[in-house]
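Dear colleague,

Please find below the structure that I am handing over to you. My notes on selected residues follow it.

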Amino acid sequence: MNIILSTETREVIKSLSDKHAEKIVALNLGEATTLADTFVLATANSDVHMNTLMETAKDALEGLNLPVRVEGANSARWRLIDAGNLVVHIFSRQGRDYYGIERIWGDAETFVFDDDVVL
């Protein structure tokens, strides 16, 4: 897979994959919004897994010296990690379906990562 993604995005995707996140997707938002350049979405299989993925992504971003802000740390459906131009969304399976981020940003360039991510 020959995809051009920022170092920060690649690091977060790799860290989430290493912790067995499901349905990892990167959305390149480009000029569509000033919210962020990239969204990374991942699905967890339990509350404990959501916490693990949130901490893993947060640690990866902090390791790259990015300012990190977490929202919904206690939510059962959706955790958001804002690192400026990169926003990471960690969902429960039900939350992913409910919020439909891929539908909302359907025009964004989308990169889907399978189980064994190699970047």
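Asp 37 counts as partly exposed because its relative accessibility is 37%; buried means under 20% relative accessible area, exposed over 50%, and partly exposed in between (1.4 Å probe, protein chains only). This is a predicted model, in which local features need pLDDT of at least 70 and side-chain atom pairs count only at pLDDT 80 or more, while totals for chains, interfaces and linings use all residues. Residues are numbered from 1 along each chain as its sequence is written, and side-chain values use heavy atoms, with hydrogens and water left out.

Asp 37 belongs to the loop between strand 1 and strand 2 (38-43). Helices (H or I, at least four residues) and strands (E, at least two) are DSSP runs, numbered from the N terminus. Between Asp 37 and Asn 85 there are 5.0 Å in space, C-alpha to C-alpha, although the two are 48 residues apart in sequence. Neighbours within four places in sequence aside, Asp 37 is in contact (heavy atoms within 4.5 Å) with Leu 27, Asn 28, Leu 29, Gly 30 and Asn 85.

Leu 53 sits in helix 2 (residues 47-63) and is counted as buried because its relative accessibility is 0%. Beyond its neighbours within four places in sequence, Leu 53 has contacts with Leu 16, Lys 19, Ala 21, Thr 43, Ala 44 and Ile 90. Phe 91 is 38 residues from Leu 53 in sequence, and their C-alpha atoms are 9.6 Å apart in space.

Arg 96 is part of helix 3 (residues 93-99). With a relative accessibility of 4%, Arg 96 is also classed as buried. Its side chain makes a polar contact of 2.5 Å with the side chain of Glu 102. A polar contact is a pair of N or O atoms within 3.5 Å; within protein, one must be able to donate a hydrogen and the other to accept it, and residues adjacent in sequence count only if both atoms are side-chain atoms. Outside four places in sequence, the contacts of Arg 96 include Glu 22, Leu 41, Thr 43 and Phe 91.

Finally, two loop residues deserve a note on backbone angles. His 20, in the loop between helix 1 (7-18) and strand 1 (22-28), is not a glycine, yet has a positive phi of about 65 degrees. His 20 is exposed, at 61% relative accessible area. Asn 65, in the loop between helix 2 and strand 3 (69-71), likewise has a positive phi, near 60 degrees, and is exposed at 70%.
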